[in-house]
Amino acid sequence: MILRTVLQLVDDASTHVRLALGTCLSSLAPAIGKDLTARELLPVLLTLLRDEETDVRLAVLNSMDPVQETIGVKLLGENILPAVLSLTTDAKWRVRLGVVSALPKLAAHLASEKFTPEILDLCTKMLVDPVFNIRRATIDFLAEVIDISRRGGSADAASWVLQRLKSMSEAATYEPRLTAALALESLCKHSAAEGGILEMSTMRSQVIPTLVKLSRDPIPNVRIAVSRALGLVFGSGLASSPTATKGLDDVQASAESEDVERMMEMESVQDCLTRLCTDADADVVYFAKKALQRREAGEE
């Protein structure tokens, strides 16, 4: 009886009541058990996810952990994930940001075969969102998507992400190019350490060529991100690789011949950073010199 009374508050006229319900409703899940949660709580949560008030939708997004722990990832994925993903088109940017912010917790528990394809579609939208904070949050999430796919035995996510970033790096407007540069910087950071998310061969054949090309971008912020990313390359196992310091002539033989020829024509990472050290923008020069110093420190 008490549970039914609480659930009826979903239709309350007061936003404050629905907000309070969205904030605390999930906490009932451990007390009432899996069956009641799936049968009674989930429909109400789905209704609240479609509430007209932004804060109500956000409250539900940020309080899903107890439900996840009670009903398991399978039921959660089947019922909640589609509703959450539908919010990526919400008119309120704070809701869209809330979706991206909530996904890492969900990602940690969902199987890669269920999670990855749908999330890659989401990332396609979020990487070009007009709000920078959403693009930034999506960039931070890309490494996790790749890692989920990799742990599931697939390189599909890495291939998709890198192809998408390459396409964005060639855009006519600067925002996609800046997003691509920042995303590649993030991937370099997550690949520098041993056991990183990207294989060294992938770094050599796909990441470095795109970064070198972006180093000639007319927008200083893009060149700054490139300088920082190449500094991370020198902090990884690539620091001692001929690819990083002398060129890209040791890419995998299986690569298409036109791609090999294109990469062979590209300047080396060191030459690229040396050129950036004479850039007209002082911040670009600072980060390029810092990257070269990182390489010199690694050789000592």
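This is a predicted model: local features need pLDDT of at least 70, side-chain atom pairs count only at pLDDT 80 or more; totals for chains, interfaces and linings use all residues.

Arg18 belongs to helix α2, which spans residues 15–24, whereas Asp51 sits in the loop between α3 and α4. Their side chains form a salt bridge with an N to O distance of 2.6 Å. This pair links distant parts of the chain, 33 residues apart. By the rule applied, the model has 11 salt bridges.

The side chain of Arg18 also reaches the backbone oxygen of Asp12, at 2.8 Å. Beyond its neighbours within four places in sequence, Arg18 is in contact with Leu9, Val10, Asp12, Ala13, Leu48, Asp51, Glu52, Glu53 and Val56.

Among these contacts of Arg18 are Leu48 and Val56, which also take part in the packing of α3 with α4. There, Leu45, Leu48 and Leu49 of α3 meet Val56, Arg57, Val60 and Leu61 of α4. The residues of this contact comprise six nonpolar, no polar and one charged. Helix α3 covers residues 29–49 and helix α4 residues 54–61; their axes are 8 Å apart, at an angle of about 135°. The two helices are therefore oblique to each other.

For comparison of setting, Arg39 forms a salt bridge with Glu40, with the closest N and O atoms 3.8 Å apart. Arg39 counts as exposed at 52% relative accessibility, and Glu40 is partly exposed at 30%.

Notes: Residues are numbered from 1 along each chain as its sequence is written. Side-chain values use heavy atoms; hydrogens and water are left out. Axes are lines fitted to C-alpha atoms, for helices over the stretch in contact, and angles run from 0 to 180 degrees between N-to-C directions. Helices (H or I, at least four residues) and strands (E, at least two) are DSSP runs, numbered from the N terminus. Angles under 35 degrees count as roughly parallel, over 145 as roughly antiparallel, 65 to 115 as roughly perpendicular and the rest as oblique. Contact means heavy atoms within 4.5 Å. Ala, Val, Leu, Ile, Met, Phe, Trp, Tyr, Cys and Pro count as nonpolar, Asp, Glu, Lys and Arg as charged, and the others, Gly among them, as polar. A polar contact is a pair of N or O atoms within 3.5 Å; within protein, one must be able to donate a hydrogen and the other to accept it, and residues adjacent in sequence count only if both atoms are side-chain atoms. A salt bridge is a side-chain nitrogen of Lys or Arg within 4 Å of a carboxyl oxygen of Asp or Glu. Buried means under 20% relative accessible area, exposed over 50%, partly exposed in between (1.4 Å probe, protein chains only).
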